[in-house]
Amino acid sequence: MPVNLDSMNKSRCLGLVGGLGVGATIHYYEKLAKAHEAQGRTLDIVIVHAETSRVFEHVQADDRNGLAEYLTGYIRRLEAAGAEVAAIPAVTPHFCVRELIATSSLPVFNIFEPLIQERVARAARRVAVFGTRFVMESALFGEVNEVDIIKSRPHEVDYIHDTYVELARTGKGSEEQHRKLTALAHTLLKRDGLDAIILAGTDLALLFNETNTDFPHLDCAALHLQAILNELLGKNPANSH
């Protein structure tokens, strides 16, 4: 019986709920594809496009069940297209992660699980958060415990949120945005005695990477991607329950 080498080299089919924002979706797609290519494997992926504005509406209304229902609709479409596991390359939609995991027809990679593991490994006890206003003001939706999350001052929250929304809208970052957020990170680290900044927004990957981030940080997108790759390439069990 002939052996189908293409099927042997394929990973499990990943369903990606994209559009939240587009730049982060592209970043995940590129990283996933390059990692598979480096190991001689074929990335098996399907992507749908959700709307950031709809996510923000549900979060502002404190409607976890409504948001979970909205996202579950996309996950059902991904499953129909052949996906075996699902991921949302964005932090804000994880506002409803518990409700989503409970109702999703596919295992969902929880973006907070690898972050919690890394925080413990790094012994980071005092942190600040960069992301949307919802993520910052809710202290990561209460999903990360045993850590002091120091809230930034109101004008700092405004700047971080506005910058993040612009990144998500345009799908690209600027040198000025990188410079100003880097300066703010150093200010917070010194003023508030922090161990690290949590980059709790996947579109921040448009500004920061391992070569240009000169402050202690925990990168949600990078940690999430590594957890997904570990599962797809068979390195360890999924962070999806």
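Helices (H or I, at least four residues) and strands (E, at least two) are DSSP runs, numbered from the N terminus. This is a predicted model, in which local features need pLDDT of at least 70, side-chain atom pairs count only at pLDDT 80 or more, and totals for chains, interfaces and linings use all residues. Residues are numbered from 1 along each chain as its sequence is written, and side-chain values use heavy atoms, with hydrogens and water left out.

A pocket is defined on a 1 Å grid over the protein atoms alone, as an open set of points where a 1.4 Å probe fits, with protein on both sides within 12 Å along at least five of seven lines; its lining residues have an atom within 4 Å of a point. Grid points are joined across faces, edges and corners, and the volume is the space filled by probe spheres set on them.

The largest pocket holds about 320 Å³ of space. It is lined by 14 residues, and His27, Lys31, Glu210, Asp219 and Ala222 are the closest to its centre. Two or more lining residues come from each of helix 2 (22-38), strand 7 (217-219) and helix 10 (220-232). Helix 10 gives the largest share, five residues.

The second largest pocket has a volume of about 160 Å³. Its lining has 17 residues, with Leu20, Thr52, Phe56, Tyr164 and Ala168 nearest the centre. Helix 3 (52-60) and helix 8 (154-170) each give two or more residues to this lining, and the largest share, four residues, is from helix 8.
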